[in-house]
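Here is a walk through one protein chain and the molecule it holds. Have the structure open while you read.

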Amino acid sequence: MDAERAYDFSIACYRTLGQFRVLAKFLQKINLEEARRPVSLFGLHFPNRVGLSAGFDKSAECWEGLSALGFGFIEIGSVTSERQPGNLRPRVFFNPYHEACVNNTGLNNDGAKSVARRLARGPLKNERALPIGINIGKMKSVPLENAIQDFWETFRTLADFADYFTLNLSNPNLPKLQTLQHRSYLADLLKGFQAENEKRAKKLGAKKIPILLKISPDMSFAQLDEVISIAQDNAIAGIVACNTTTTPPSTMRYKEGGISGKPLFQKTFDRVRYIHKATEGRLPVIASGGILDAVSAGAMIDAGASLLQIHTGFLFNGPSFPNYVKRAIAEKVRPWL
Ligand SMILES: Cc1cc2nc3c(=O)[nH]c(=O)nc-3n(C[C@H](O)[C@H](O)[C@H](O)COP(=O)(O)O)c2cc1C
């Protein structure tokens, strides 16, 4: 089966599960009890440290069904201000030999307004058992100079529904997007974003929504230093390390797209450890990349990750994988930590 059809099929299954609300709630209750290690981070309560990363439920179609599997948080998206069809199919490829996935989707999603409508139908922010993050991307048609306004528009449309936001400046499938990680753009982008966030918080008498930044594994450590310093200057709540890479293993046949899974593990591990050390643990890191088994999950915790996100491991191992990872790290993440 074409990999993206397999995706569509599993999204349909989780959507159906989510429609049976009583059953989904029941399963969620049982699965959240499994290796329960709650943690509070950036003002949010996470029932455990294992989340689903962006790119699975891009348009908020099935997050209620996915919530039944015992995830500690789910990141929807990437969502853009308007609907975006993405690149032509086939654009997702599984590579079992390398335990990898290659995708060249180009941020396809139904757009912020549709996503807001879907989220409004489910439990709202303070009624949910787990935080729901929203990952925001940029429209392909919007030039870099107007990226800030494009990001704000999506933020405004979805702010009532997001427990946290992640800014995706690192997807390799969108031409020039990664340029936004450079100092000249990043400082303005984050400053403007936080100003908008503060304005909203003041108006509503609410707290600011935590903003995370998702980085590319392909940037140099010198550039990473710059990103860390700009992130800290602008009260960024945490770093999601990393998005997919465009550097394949030497033995892998590869044309284009972002590589996830095992080939990403070392790059992610190195960056998680680097950020944790450079900030002395003051900037929480969410490890995303190559968590495929107990060893890789444990290594990310040892490197200093506060939370883990899984994607390719979930695709390859199925619905029991979140609980497996939770059990794998339970010994390292003791309840009193
Ligand atoms: C098919 C596919 C689509 C993805 N789409 C997005 C996306 O829209 N936005 C994003 O920030 N990351 C996206 N990602 C990256 C994942 O969120 C994650 O960071 C990456 O796959 C590394 O984790 P893994 O090795 O556990 O898969 C996508 C990944 C895959 C495999």
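Ala-235 is partly exposed, with 14 other C-beta atoms within 10 Å. For that label, C-beta atoms are placed from the backbone and counted within 10 Å of a residue's own: 20 or more others make it buried, 12 or fewer exposed, and anything in between partly exposed. Glu-99 is partly exposed too, with 18 other C-beta atoms within 10 Å. Keep in mind that this is a predicted model, in which local features need pLDDT of at least 70 and side-chain atom pairs count only at pLDDT 80 or more, while totals for chains, interfaces and linings use all residues. Residues are numbered from 1 along each chain as its sequence is written.

Ala-235 and Glu-99 also have a positive phi without being glycines. Here is where they sit:

| Residue | Phi | Place |

The chain has eleven helices and 13 strands. Its radius of gyration is 18 Å, close to the 20 Å that the globule rule gives for 337 residues, so the chain is as compact as a globular protein of that length. That radius is taken over C-alpha atoms, and the rule is 2.2 Å times the number of residues to the power 0.38. Buried residues make up 48% of the chain.

Now for helix H8, residues 265-278. Its 14 residues reach 20 Å from first C-alpha to last, close to the 20 Å expected at 1.5 Å a residue (that is, 1.5 Å times one less than the number of residues). Thr-268, Phe-269, Arg-271, Val-272, Ile-275 and His-276 are its buried residues. Their cover includes helices H7 and H9 and strands S10 and S12, judged by contacts, meaning C-beta atoms placed from the backbone within 7 Å. Just after H8, Glu-280 takes a positive phi of about 50 degrees.

And the ligand? It is surrounded by 28 residues, the closest being Ser-53, Gly-55, Ser-260, His-311 and Thr-312; a residue is near when its C-beta atom, placed from the backbone, lies within 6 Å. Strands S4, S6 and S11 and helix H10 each supply at least two residues of this shell. Strand S4 also holds Ser-78, and the peptide bond from Gly-77 to Ser-78 is cis, with omega near 5 degrees.

Notes:
Helix = DSSP H or I, 4+ residues; strand = E, 2+ residues; numbered from the N terminus. Contact = placed C-beta atoms within 7 Å.
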